[in-house]
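Visitor: Please take me through this model step by step, as I have not looked at it before.

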Amino acid sequence: MTIDNFSRSQQFLQQALKTVPLGSQTFSKSMLSLPQGVSPYFAERGEGCELIDVDGNRYLDFMSALLCISLGYGDKDVNQAVIEQVQAGAIFSLPHRLEFEVAELLCELIPCAEMVRFGKNGSDATSAAIRLARAYTGKDHVAVCGYHGWQDWYIGSTSRNLGVPGATKALTHPFGYNDIDSLKTVLESHQGEFAAVILEPMNLSYPTADFLQKVKDLTHQHGALLIFDETITGFRFSLGGAQQLFDVTPDLATFGKGMANGYPISAVVGRADVMALMTEIFFSGTFGGDTMALAASKACIEKIRSENALGHIHQLGEDLLNRLNKLIDSLGINHLYATAGHPSWSFLVGKDGRHFDAWTIKTYWLQELFARGIITNGSHNLNFAHQPKHIDMLLDAYGDILAQIKHYDDNGTLDKQLRCPVLKPIFKVR
């Protein structure tokens, strides 16, 4: 069955645009990322690994709410924990025991975690970690690699830097992943002035031999703290995050996304002597002790552990990558596509074609995937609800769509197949 009715999504978008910039709170869920007229813009509900939009269309979801869904939409165990907690209360005039119970769980599982503070999103945690590092070292400059949120200290180093003071921008310095020389150059550019090096320990590419250890050694040689941004990799690559998987322990780390199966919570964790400065800096929020998210997090992490959810996810992801690579080879489209990433968070990386650029090709690719009832944004964000049959469905769709892309790109007619305007780049974060 082909999905071709997005009328309520279009109607809701026009209504939302009157009061909500871009019609969404999140760039990557907005009209900037989803081609107009051929995309679902508003969700109605989720079930397992499926999403149902406001037009009643049902999709196999490989976005997993931007990696927040680790077990599946509506997981009964997480829901039950939240329901029971809601009946007792969501926020109180005093702290709740869940704050230290979940903190103890994180300290048990995460190598670097000796103390914990909670936030509501990844930007909260990374910003708190940077403030801690600056307080601990008495220095101001920061080296960054990856995506670390919307706050001034990081976003000022990207093309989305409008509104960030120049003095703030000057303190942040990007370096290249798997390029230790680029980090060395950055650190030497302001010798002795760096508070921290923060990076995603893995995103598209695996770390080359000893890269993360070299980053740690070099960071400490320059008197700075090492921070791993594990907002995505945490409770996805392993229970203890990428630091456990790659056996490199940072000074501080940040977690979020899938640690509560979609409920809003994040955490900054790390060495006790550094974390003790939380009593001196100001990182405080009314909803930091939100018991609904804490109850969800406790139930989610315990289920990931007891059900070996990550083993299931990784096995599915390895099968997907192996078969997708074979498909790319068999179609002869290595000039158009490659795969990257970890089995739990992998990517189909598009390139410019013979006659069309990568954005035109991606627009057609999304158009056709949505029509076949599959949602993705270029990555495969697997959760525990995905099953082998869902991988089969995705690869069946890819087999048809990628063959069409090759054909239309080769003969120069792909633009004629579009039923929507071509997407434009937002900004490159990785």
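**Strands, helix and pocket**

Visitor: How many bridges join β12 to strand β14 (residues 379-381)?
Guide: Strand β12 and strand β14 run antiparallel, and two strands are said to pair if DSSP finds at least two bridges between them. Strands (E, at least two residues) and helices (H or I, at least four) are DSSP runs, numbered from the N terminus. In β14, H380 is the residue opposite S346, and the bridges between β12 and β14 number 3.

Visitor: What pLDDT do local features need in this model?
Guide: Residues are numbered from 1 along each chain as its sequence is written, and side-chain values use heavy atoms, with hydrogens and water left out. The model is predicted: totals for chains, interfaces and linings use all residues, side-chain atom pairs count only at pLDDT 80 or more, and local features need a pLDDT of at least 70.

Visitor: Which residue is the bridge partner of Y337 in β12?
Guide: Strand β11 (residues 337-342) pairs with strand β12 (residues 345-350) in the antiparallel sense, over 6 bridges. A hairpin of 2 linking residues joins β11 to β12. Across this pairing, Y337 of the chain has as its partner in β12 the residue G350.

Visitor: Is S344 buried or exposed?
Guide: S344 belongs to the loop between β11 and β12. Setting aside neighbours within four places in sequence, S344 has contacts (heavy atoms within 4.5 Å) with R236, F237, I313, H314, H380, N381 and L382. Buried means under 20% relative accessible area, exposed over 50%, and partly exposed in between, with a 1.4 Å probe and protein chains only. At a relative accessible area of 0%, S344 is buried.

Visitor: Which strands stand at the edges of the open sheet, each with a single partner strand?
Guide: The open sheet is formed by 4 strands of mixed pairing, in the order β1-β2-β3-β13. One side of each edge strand is left without a neighbour in the sheet, because each has a single partner strand, and these edge strands are β1 (43-47) and β13.

Visitor: Which residue in β3 does I52 stand opposite?
Guide: Strand β2 (residues 50-53) pairs with strand β3 (residues 58-61) in the antiparallel sense, over 3 bridges. The two form a hairpin with 4 residues between them, and in the turn G56 has a positive phi of about 85 degrees. E50 stands opposite L60, while the residue opposite I52 is R58.

Visitor: Which residue is the bridge partner of D61 in β13?
Guide: Here β3 meets strand β13 (residues 374-375), and the two pair in the parallel sense over 2 bridges. In β13, D61 is partnered by I375.

Visitor: What relative accessibility does S64 have?
Guide: S64 is part of helix α2 (residues 64-67). Not counting residues up to four places away in sequence, S64 touches I69, Y73, N381, L382, N383 and H386. S64 counts as buried, because its relative accessibility is 0%.

Visitor: Which residues does I91 touch, not counting residues up to four places away in sequence?
Guide: I91 sits in the loop between α3 and α4, where it is partly exposed, with a relative accessible area of 37%. Beyond residues up to four places away in sequence, I91 touches T286, F287, G289, D290 and T291.

Visitor: Which element gives the most to the lining of the second largest pocket?
Guide: On a 1 Å grid over the protein atoms alone, a pocket is an open set of points where a 1.4 Å probe fits, with protein on both sides within 12 Å along at least five of seven lines, and lining residues have an atom within 4 Å of a point. The second largest pocket is lined by 22 residues, of which E99, G285, F287, G288 and G289 lie nearest its centre. Two or more lining residues come from α4 (98-109) and from β4 (115-119). With 4 residues, the element that gives the most is β4.
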